Amino acid sequence: MSQRTTFTDDDEGKRVINAAGDEIGIVSEIKGGTAHVDPDPGLTDQIRAKLGWGTSDADSYALSADSVQHITDDEVHLRSDL
C-alpha cells in the first residue's frame with residue numbers, strides 16, 4: 001500500500017513531524033498544493049487551522065510535497081534527508 005505524500009485541504013491543522021520524531025509545527029494552510037507551516041502555533045492558530053480558516057503569513061513557512069515522507073490521519077512526516 002502506497003502512502004500519500006501530496007497535500008489536500010484536509011491536512012490543515014495536522015502536526016508536522018521531523019525524521020527524529022519531533023513536532024516542528026502545524027499545517028496552517030494549504031495553498032496551490034503547498035502546505036504552510038506555523039512553527040510556533042498558539043491555541044488560536046491551531047483552532048483556525050482545524051476549522052480550515054488558515055492563513056499563511058510571515059510566521060509560516062512553505063513546505064512542498066517533495067519534503068514529505070508520508071501523511072497520516074493526524075500528522076505530516078518529513079523525509080530524513082532534509
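User: Which residue takes a positive phi in the hairpin of strand 2 and strand 3?

Analyst: G32 does, with phi near 60 degrees. The hairpin has two residues between its strands. Strands are DSSP runs of E with at least two residues, helices are runs of H or I with at least four, and both are numbered from the N terminus.

User: What sort of model is this?

Analyst: This is a predicted model, in which local features need pLDDT of at least 70 and side-chain atom pairs count only at pLDDT 80 or more, while totals for chains, interfaces and linings use all residues. Residues are numbered from 1 along each chain as its sequence is written, and side-chain values use heavy atoms, with hydrogens and water left out.

User: OK, how many helices and strands does the protein have?

Analyst: One helix and six strands. From the N terminus, the order is β-β-β-α-β-β-β.

User: Back to strand 3. Which strands does it join, and how many bridges are there?

Analyst: Five bridges join strand 3 to strand 2 (residues 23–31), and the two run antiparallel. Two strands pair if DSSP finds at least two bridges between them.

User: And what stands opposite V37 in strand 4?

Analyst: Y61 does. V37 is also the bridge partner of V27.

User: Why is strand 3 largely enclosed?

Analyst: Four of its five residues (34–38) are buried, so the rest of the structure largely encloses strand 3. Buried means under 20% relative accessible area, exposed means over 50%, and partly exposed lies in between (1.4 Å probe, protein chains only). Across the 82 residues of the protein, 37% count as buried.

User: Which residues make up the largest nonpolar core?

Analyst: There are eleven, including F7, V27, A35, V37 and L63. Strands 2, 3, 5 (68–71) and 6 (75–78) each supply at least two of the core's residues. A nonpolar core is a set of buried Ala, Val, Leu, Ile, Met, Phe, Trp, Tyr and Cys residues joined through side-chain atoms within 4.5 Å.

User: What is A35 in contact with, leaving aside neighbours within four places in sequence?

Analyst: F7, V27, E29, I30, Y61, A62 and L63. Contact means heavy atoms within 4.5 Å.

User: New topic: where is G21?

Analyst: G21 is in the loop between strand 1 (15–17) and strand 2. At 48% relative accessible area, G21 is partly exposed. G21 and H77 are 56 residues apart in sequence, and their C-alpha atoms are 8.3 Å apart in space.
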